[in-house]
Every structure is written in C-alpha cells, then in structure tokens.
Amino acid sequence: MLPFGFGLAVQQIQAELKLADVVSSLDSNAQLRYLNHFQLHGLLNPNLQESPQYLTLEGTPQVEKLEPPKLTSDIQWLIELVSELVLRPLDKRKHHNFIIHGGSQSGKSTLVSAIILLAAHLLGQTGLKVKINLIDPKYPESNWAFEPNYKDYSEVLPGLQASFQELEKIRGEAKKLGKSVSNKYGFTFTIIDEQDNIYGNGEGYPGKISKPEVDQILNIESALIKEGAAYNFCTIVIGQSPLNQDTGFNRQIYKNATHIVLGDAGLSWIKDNSFPYKKFADELETLCYRHLNNGERFALVIPKGGLPYITGLSQEIKKLVVQGFNQTIEVETTTEETLEQEDQSIDQISKQEPQQDRQQNQQPQFNPVEKVREWCWLCKNKFGSFPNRQEITEAWKRLTGQQLTPEGLQVLIEKLNLNLED
C-alpha cells in the first residue's frame, strides 16, 4: 500500500503546479518573492541576470531564506518532482532528466527505484505504461527493485544503443504523422549506473570499454538527455562524483538535467571550488550539517534551471520502494529484442482501442470513505490531530455533494475507525 494521504498529496501538487504557472508570468522580483512565500522551490525558473538572491517580503536581500522546502512529509519533495516530470506538458516541465551522485550505500538505487515507482503509479492512472532500460555493469552489487537489462561493462554501449533505437523509432513515427505519438509508447526511463567507471578519465573500463567506445557512449547519453524529453524519454545517470572530470559531461548536459547529490558527496561538492552556486555555499553547508547532527540522510537538489536546496532522505523512501513494488504495477523493459517485438505500423496504432476508453476501464472504483480516511490521516500527520466532526461533515459534502445527518455522520465516523478525541 502507498502511504496514507498519497492521493490527496497528488491533488495538492497539481494545485501547486497551477500556482507556479501564475507566478511564472510575473517579473523576476515578484517571482522570487512568491517563490519563498509559497515554497515553490524547483517549480520556477526565475529570470535572473545576476547571481541569484532570495528576497524577503520587504525586499531586503537575505540568503538566510535559502532553506529546504517546508514539506508535509519526507517524501513530498520527491512526489512533487516526479509529478512534474510525468504529468506536466513538455513546455511546463522543469525536470526532464536526472544526474544522481553519491557514495557507496548512500541510497542512489533506492532513490531511483522510488522515482520509477512513483512514475508508474501516476502514469497508471492515465493508462500509460512505464518502460525501463536499466544498465548496471556491476550488478548484483546494487540493490535494485527490478533486474537490470544489461549487467556488464561490455553491455553498456549496446544498452544505450537500444534506448537510442527506441527514441529514433518514436521520432520516425512522429515525423510521419506530423505530430508527437509518444503517448502511444508510454514513458521510457534509461538508467545508467557507474558513470565514473564507464568514463574512466576518458579511457573507458579496462578490457571492457575502449576509448573510442567511451566517445560513443557520451554521444548517445548526450543525445538522449538533450532530445528525449519531447518523446517522453527520461535519462538517469548515476555515479559517485559530481565533478565534470569524473563523468565526462560538459556544462550543456548538466544544464539539461536536475542534479541530485546524496550525503557526504553533496557536502564535499558544496565546499569545492567547482560548485556553481558559491553565493549560497555557506548556507547550504550549514543545512547539511544540521541533518548530519540529527543523524539524518540528506540530498543536495539542483533543479534544471532552478535554485539549489537541501532536503531530508528519510526511511519513508525505502519503505515506499519495498511496499510499492509488492503491488501490481505494469513496468516493461527495453532491449534490442523487445524493440523488434514491439514495433507496430501506423495503421495498427490507429486501430487500437481509444485511450479514453482504456483510462475508463483502468480507473479504480471511487470510495469516498477511503478518501475521507486518507484526508483525516493527512491532517493528523500535518497538524498533529484528526479533523473534528464538523470538518468531516464539510469534507463529505465537498466530496460527494451530500449533506450528512447526525446519524449518518456517526455511521461514517464508525467506518473511519479513527480516535477523533486523540
């Protein structure tokens, strides 16, 4: 089961995305003002010509305002990030691809698994499938929620070529029809682990990846990151060091991805001269140590075109992966063989069942009692107490359009099985 309040959290995220659209139409000073006020970190790309500064409501520059978003749960930042990736129109997305770094056992594979799970859950409500092409040359050393498609350094290049072939197939269909047909193919994740070892300071991996193959690998990764978003392709590159000389990536690649650096690797990068947000380094460092002193895992997040922030990484993310993948979620894998099996002509696509019908068939039955129970627990987690009887009555009316009698309210409270006096 997903955590209590998940459905309501998604509705809240959608409302915040609409608010971000309104704020994005304002001038840069107003954007920064409301960025702080409504906690829209990662959802806006303020039009800054100088080094970025946060502004208080009085207009006084204050870098102290650069703090982690005030979230209602430890996974909401991740839900927001993935919701924007898979639900917003292309021209409204701030997250297209991810570059994730961290030391051994820092939780990189768990975090990526959570991203895939959330994407599959959200897209499952629209009838779209999630496809995964996981390339992990050191498997089974990593703890994945699903088995990699390519499991050796010698298979890295063929794995990337399979993803690029899939992208070219969809691009070709779009060109023939004169429009995007990416929704016919779902949402594709290409995940490349061990980028540092694959690159090998430009020399590749001994006996497995040659220097010319390194150049091919970087070219395909760059093409997927720069061109894939228009066709619902998300590329996730994983490594240990965020420094350019360790990944082989140029600045243009970094500009097209959201960067997440876990734990000590993020703290070390903030202290390094190569960190691109030196103006905020002291405050970010302070926030890192705040989590360290509390014994908490944390991450440095730099949204594509946005401002950096620090967020906590609680055990809720791992719990989400463990519990979530026990559910039946349709996830396909992508290999060179499956690409041939999947290939369909445009005529076949046009004969498929309309997407709207598929969505209706896949919609779960609406249960207002469960929705109210989720909302009650969300209030409990956020405010420390359950709603009172009047608030529950009002919530039921907004949800169903029906006014509860006192007797009906008592029946509902009994069904909710909550200690409202707590």
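Rings of Phe, Tyr and Trp (its six-membered ring) count as a pair if their centres lie within 6.5 Å; planes under 30 degrees apart are called stacked, over 60 edge-to-face, and the rest tilted. This is a predicted model, so local features need pLDDT of at least 70 and side-chain atom pairs count only at pLDDT 80 or more, while totals for chains, interfaces and linings use all residues. Residues are numbered from 1 along each chain as its sequence is written, and side-chain values use heavy atoms, with hydrogens and water left out.

**View 1. Trp269, Phe275 and Tyr277 make up a cluster joined by ring pairs.** A search of the whole structure turns up six aromatic pairs. Take Phe249 and Tyr254: their rings sit edge-to-face, 6.1 Å centre to centre, with 75° between the planes.

**View 2. Arg171 meets Glu168 in a salt bridge.** That term means a side-chain nitrogen of Lys or Arg within 4 Å of a carboxyl oxygen of Asp or Glu, and the whole structure has eight of them. Here the closest N and O atoms are 2.7 Å apart. Both residues belong to helix 5 (residues 156-177), three residues apart, or about one turn of the helix. (Helices, H or I with at least four residues, and strands, E with at least two, are DSSP runs numbered from the N terminus.) Arg171 is partly exposed at 23% relative accessibility, and Glu168 is partly exposed at 36%.

**View 3. Arg171 also has a salt bridge with Glu227.** The N to O distance is 2.9 Å. This pair links distant parts of the chain, with Arg171 in helix 5 and Glu227 in helix 7 (residues 211-227), 56 residues apart. Glu227 is partly exposed, at 34%.

**View 4. Glu370 and Arg373 form a salt bridge.** How far apart are the closest N and O atoms? They are 2.3 Å apart. The two residues are separated by about one helical turn because they lie three residues apart in helix 16 (residues 368-383). Glu370 is partly exposed at 35%, whereas Arg373 is buried at 15%.

Terms used. Buried < 20%, exposed > 50% of the residue type's maximum accessible area, 1.4 Å probe, protein only.
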